[in-house]
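Here is a friendly tour of a model, taken one region at a time. Keep the 3D view open as you read.

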Amino acid sequence: MDHLLFLGGNVARKEEHLQMHIMHSCCSSVPTVKKDNAMKSYMVPSTMMGKCQVSMFAALLTFTLLGLPGASAWSNGGYSADPGNPDYGTHDWIADGALSIQTRDVTFLKVTYHSQFLLGTEAPDNPDYIGDTANHHVYFKTGDLLQDDASAVRASEVYNLAKGYLQAKDYLSAAYDIGVMAHYIADPGVFGHTMGSSTDWGTEVHHSDYETYANSLVGSITLPSGLTLEDMSAYDATLRLAEVVTFGEGSIQSNIWMDSNYDWSNSVFYSSAIASLYESAEMVAAVINHLMIEVAPPPPTAPDPPTSLTATVDNYDVQLTWNPPADDGGAGLTWYKIYRGDSLTSQILMKSVESDKLFWTDTTVQVEKTYYYWVAAISSVGTSDKSQHTTATIPPAVAPHPPTQPAAVLSNTVVMLTWSAPDSDGGANITGYMIYRGSSPSSRILMANLEANSLTWSDTSTERGETYHYWVTAVNSVGEGDLSLEVTVIIPAKKSSLVTPVLISAITLALASAGVLVLRRRRGKA
Ligand SMILES: [Zn+2]
């Protein structure tokens, strides 16, 4: 039985607990209770109370009067008086060894809830927690036929509990159950747990003496470096360990060999025992690895491509819009990259825009050309494939739109016209502006033909008491565009008392009372 504790005193930090523990053995020793602090031995952390079906006193009575049925296996170092600082034995050594070769983050087991993890390794033997020692064995028949998979079934059941806790992010409970699971996986590492009266191998002679001696070794042995971390289910790993211990493999001798050649001074026996410890830890490690793989979020990948890319030609620009990818790969998007080509096979990176923008305007296109566009999504992990392409064909150039915001300022009898460039150049650069004056759009006279950089012109040929109408047009290589809005200026018959210059525009109609009037009408056709 597993709970002859602390022989050899190899785990120094536990020595102060020596007197706190219930000593018992299911196989050979009469259970005894160390009196001082025995009650503490049954203190269970509040989170474990649901697992505690047996009252402290009933448990004490059970141990004292009946002993324990069945068999456990590797030592737990005893039943922990202080659940926050569990006693250390072979099961703990195996569990810690299994952690030491993990490649995934098991900080919650190694550090955060390490004491819960170690406490869990004690639970299957401890009747205050689980205490189902009748189910800590795996039996094979001659010919490698499975006879009884009890411990593997329990390991698998507890695995699923631990998985549920991990998925619920209850790491404390998960740590405890992973410790529990480690116990069921590792128990068949003791040859006595593969033998019994119902088996082809008969009842073992050596059991608790083997476990006790093994427990005395764990303070002085460490797992070899360079072990390969395997990935196995709890059920398979438990059976695998039992199979190796039953039939022997490598330096591990068969169960009947170990039982009939029991001798720690025999190097073959000794090496087999040590190898069984290593194998136990490796199998626990393989299952913890399996668990971490099962519950770990998949590593982030590059995003999917953006969707619904559309191109709209507006005023000789191409406006692109798109939708985010259906799957950002788990890392979050940072940028979109916009590519353009003259064909499906030419792609030039035009622009990167931040991932909160879902549009971009290409102002560098030429008339009568077709462009192909793609967008790719970028995350910290990588760049998506390019989206499905879209195309935009720029129409031929037309005459420019009219100049905008025409206005006039009157200074004495000089009319100074101003305007702004058209909202569209018609797809070809503005080459100049033309100024008209007349009594109506149909009677207009060309007054000036200006360069493209001119946005003002002064009329010095006015007479007092007259009314003048002005229009401006823009010109490009295609031709002359439509007339702008009309600007009307009335030149006062007498000198105004107002300070000049006076802004004349649609918003200065109040000046009409001072003899200055400006009207703007809708532009006519050129
Ligand atoms: Zn056990």
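Which residue of β11 does T370 stand opposite? T370 stands opposite T393.

## Ground rules

This is a predicted model, in which local features need pLDDT of at least 70 and side-chain atom pairs count only at pLDDT 80 or more, while totals for chains, interfaces and linings use all residues. Residues are numbered from 1 along each chain as its sequence is written.

Strands here are DSSP E runs of at least two residues, helices are H or I runs of at least four, and both are numbered from the N terminus; two strands pair if DSSP finds at least two bridges between them.

Take a closer look at β10. Strand β7 (residues 333-341) is joined to β10 by eight bridges; along this pairing Y339 faces W374, and K337 stands opposite A376. Seven of the ten residues of β10 (residues 370-379) are buried, so the strand is largely enclosed by the rest of the structure. Buried means that 20 or more other C-beta atoms, placed from the backbone, lie within 10 Å of a residue's own; exposed means 12 or fewer, and partly exposed lies in between.

## The nonpolar cores

A nonpolar core is a set of buried Ala, Val, Leu, Ile, Met, Phe, Trp, Tyr and Cys residues joined through C-beta atoms within 7 Å. The largest one has 65 residues, and I94, A98, M181, I185, V284 and V287 touch the most other members. Elements giving two or more residues to this core include α3 (90-100), β3 (139-141), α7 (171-186) and α11 (267-295). The largest share, eleven residues, comes from α11.

Beyond its neighbours within four places in sequence, M181 is in contact (C-beta atoms, placed from the backbone, within 7 Å) with A155, V158, Y159, A162, A234 and V287. A second, separate core holds 22 residues, among them A407, I435, Y468 and A474.

## Helix α7

How many of the 16 residues of α7 are buried? The count is 13, and the helix is mostly covered. Its end C-alpha atoms are 22 Å apart, which agrees with the 22 Å that 16 residues should span at 1.5 Å a residue, the expected span being 1.5 Å times one less than the number of residues.

Note on methods
Two residues are in contact if their C-beta atoms, placed from the backbone, lie within 7 Å.
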